[in-house]
Amino acid sequence: MTTTSTLQYRPAQSADIPRCIEIRGRTRENAISAAQLAELGITAQTWGAAVAAGETLGFVCSDGASGIVGYCYGDAASGEVLVLALLPTHEDRGIGRELLQRVMIALRERGHRRLFLGCSDDPTSRSHGFYRHLGWRPTGARDALGDEELEFLFPDR
């Protein structure tokens with residue numbers, strides 16, 4: 001576990017999923033409620049089972065008594081970054097960047113040279129500039145939800 005100030009980062013566990021679902025509904029942009037996630041087939045049970053099976057890997061960040069304040073998950077088989085979510089009270093502290101980096105490294109360690117994710121193509125959205133600033137590039141494709149697909153290519157070793 002790594003600590004920065006009161007921030008602690010660790011691999012996600014199935015028991016973290018209910019809190020992650022709560023946070024997903026409280027994000028500043030693109031909030032999705034537990035009911036909306038359930039409509040997509042994402043519940044604490046399905047998400048937790050994927051984490052327990054190693055199909056979905058992730059990291060969480062806790063801040064003292066606040067508990068988990070952000071998380072990032074990726075798909076171990078495809079290399080897709082599935083979600084990065086952070087409470088608005090903890091934005092602009094480097095937490096999102098750190099969580100994303102940890103998931104990217106974990107996916108790279110599983111052999112992925114190319115990672116991808118769905119992102120808003122609206123330049124006024126926070127995610128638009130965030131990922132591009134970190135080296136993610138548009139592919140020209142759209143995902144099933146209509147979001148722009150971005151990719152990150154690791155340099156050859």
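This briefing describes the helices, strands, core and loops of one structure. The model is predicted, so local features need pLDDT of at least 70 and side-chain atom pairs count only at pLDDT 80 or more, while totals for chains, interfaces and linings use all residues. Residues are numbered from 1 along each chain as its sequence is written, and side-chain values use heavy atoms, with hydrogens and water left out. Helices (H or I, at least four residues) and strands (E, at least two) are DSSP runs, numbered from the N terminus.

- Helix H1 covers residues 17-24, and its buried residues are Ile17, Cys20, Ile21, Ile23 and Arg24; buried means under 20% relative accessible area, exposed over 50%, and partly exposed in between (1.4 Å probe, protein chains only).
- These residues cover an arc of only 160° around the axis, which puts them on the same side of H1; the arc is that of the directions from the helix axis to the C-beta atoms.
- The buried residues of H1 pack against helix H2 (34-39), helix H3 (44-52), strand S3 (56-63), strand S4 (68-75) and strand S5 (81-86), where contact means heavy atoms within 4.5 Å.

- Strands S4 and S5 pair in the antiparallel sense over five bridges; two strands pair if DSSP finds at least two bridges between them.
- Tyr71 has Ala85 in S5 as its bridge partner.
- Five residues lie between S4 and S5 in this hairpin, and Gly79 in the turn has a positive phi of about 85°.

**Helix H4**

- The 15 residues of helix H4 (residues 95-109) should span 21 Å at 1.5 Å a residue, and the end C-alpha atoms are 21 Å apart, which agrees; the expected span is 1.5 Å times one less than the number of residues.
- Among the buried residues of H4 are Ile95, Leu99, Leu100, Val103, Met104 and Leu107, together with Arg102 and Arg108.
- After H4 comes Gly111, with a positive phi near 100°.

**The open sheet S6-S8-S7**

- Three strands, in the order S6-S8-S7, form an open sheet with antiparallel pairing.
- Strand S6 (114-119) and strand S7 (137-142) are the edge strands, each pairing on one side only.
- Neighbouring strands of this sheet are turned by 35° against each other on average, direction ignored.
- S7 is joined to strand S8 (residues 148-153) by three bridges, and Arg142 stands opposite Glu148 in S8.
- The hairpin of S7 and S8 has five residues between the strands, and Gly146 there takes a positive phi near 90°.
- Helix H5 (residues 126-133) lies across S6, S7 and S8 and runs at about 165° to S6; axes are lines fitted to C-alpha atoms, for helices over the stretch in contact, and angles run from 0 to 180 degrees between N-to-C directions.

**The nonpolar core**

- The largest nonpolar core has 41 residues, and those with the most contacts inside it are Trp47, Tyr71, Tyr73, Ile95 and Trp136; such a core is a set of buried Ala, Val, Leu, Ile, Met, Phe, Trp, Tyr and Cys residues joined through side-chain atoms within 4.5 Å.
- H4 gives the most to this core, with seven residues.
- Not counting residues up to four places away in sequence, Trp136 touches residues including Val81, Leu100, Met104, Phe116, Tyr131 and Phe152.

**Loop residues with positive phi**

- Most residues other than glycine have a negative phi.
- Asn30, in the loop between H1 and H2, has a positive phi of about 60° although it is not a glycine, and Asn30 counts as exposed at 55% relative accessibility.
- Asp92, in the loop between S5 and H4, also has a positive phi of about 60° without being a glycine, and Asp92 is exposed with a relative accessible area of 68%.
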